Amino acid sequence: MRKNKPLSNAQKEVYYKDRFYVAPKIPRESVISDAVYCADVEKLSTQVKVVESYIERGTLVVWVEKDSIYPTLATLKSIGYDVLSELSAMDYLEKKGGFEIFYQMLAMDKAKRLRVKTFLKKGEKIKSVTGLFRSADWSEREMYDMFGILPVGHPYPKRILMPDDWVGHPLLKSYPLQGDEVAQWYEVDTIFGKEYRDVIGAEQRDSARIDRYDSKRFSHLGYEVEYGAEVKEGAEKPQPIMYQEEEGVLFVTKLTPKNSKELKERK
């Protein structure tokens, strides 16, 4: 019997880890090293509490409390950061019990980028910023769709990528990598009905899977067979397998079954 592995953080562990490898950290610079950023942090500090500020790869990063997000972005907009290019979340439920929320800002006149970050504990709420930036509309909907974080006051709180009746939020680290039963049978159940499960079969979740002897889901190189016909490995084929047109491509060596290699299993 297989060992029961908890799925509370399914994507936390990678398949291979070098025990001697230490992931490099992005160096942080002091805000005083940039006069423009230093002045912006001072102006922002007069309006909200700045928990921490530093520069990473030429971008100013400012940490504030979650209840200060709206006034923070309002203040930044008033001092030139008039573009909200992106916002989203990162799942730290297993490690910290919540999410990191970030807002990527751009000041066109200053040619400066700024990232506002805050921490949202599980079950807490955060205010929508669509009243300040219309670009936040779809980004906040995507954050809800993928992470389950729905900002308070959003004008159209609706999924944007997944269907309305989808169960779960796919970018949570606890979400199964291969999907659950609902995901596996969603299209079959929705389009045809559950009674067609035996007829159509489960959805193949491996995007790289190819089965040349499956006449229902794959076409065949070199010859045609009827849908659902039994195809036996090694059987005589009316036409040889061809990987290119007869003329081929100029200056490119023609690929044939003799000089090709077929992988028996994925590495």
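Val-199 is exposed, with a relative accessible area of 54%; exposed denotes over 50% relative accessible area, buried under 20%, and partly exposed the range in between, computed with a 1.4 Å probe and protein chains only. The model is predicted, so that local features need pLDDT of at least 70 and side-chain atom pairs count only at pLDDT 80 or more, whereas totals for chains, interfaces and linings use all residues. Residues are numbered from 1 along each chain as its sequence is written, and side-chain values use heavy atoms, with hydrogens and water left out.

Val-199 lies in helix H7 (residues 197-200); helices (H or I, at least four residues) and strands (E, at least two) are DSSP runs numbered from the N terminus. Together with Ile-191, Phe-192, Tyr-196 and Ile-200, Val-199 makes a nonpolar surface patch of about 490 Å². Such patches consist of residues with over 30% relative accessible area and no salt bridge, nonpolar side chains (Val, Leu, Ile, Met, Phe, Trp, Tyr) being joined within 5 Å and like charges within 9 Å. A salt bridge is a side-chain nitrogen of Lys or Arg within 4 Å of a carboxyl oxygen of Asp or Glu. Areas come from the Shrake-Rupley method with a 1.4 Å probe, and for residues only the protein chains shown count as cover.

Strand E5 (residues 98-107) is mostly covered, with 10 of its 10 residues buried.

| Strand paired with E5 | Bridges | Direction |
|---|---|---|
| E4 (residues 83-92) | nine | antiparallel |
| E6 (residues 112-121) | 10 | antiparallel |

Gly-98 in E5 is the bridge partner of Tyr-92, and Tyr-103 stands opposite Val-116 in E6. Four residues separate the strands in the hairpin of E5 and E6, where Ala-111 takes a positive phi near 55 degrees.

The largest nonpolar core has 36 residues, of which Leu-73, Ile-101, Tyr-103, Met-105, Val-116 and Ile-149 touch the most other members. E5 gives the most to this core, with five residues. A nonpolar core is a set of buried Ala, Val, Leu, Ile, Met, Phe, Trp, Tyr and Cys residues joined through side-chain atoms within 4.5 Å.

Leu-114 is placed in strand E6 and counts as buried at 1% relative accessibility. Leaving aside neighbours within four places in sequence, the contacts of Leu-114 include Leu-60, Val-62, Leu-76 and Tyr-103, contact meaning heavy atoms within 4.5 Å. The C-alpha atoms of Leu-114 and Tyr-37 are separated by 8.8 Å, although the two residues are 77 residues apart along the chain.

Terms used
Pairing = 2+ DSSP bridges.
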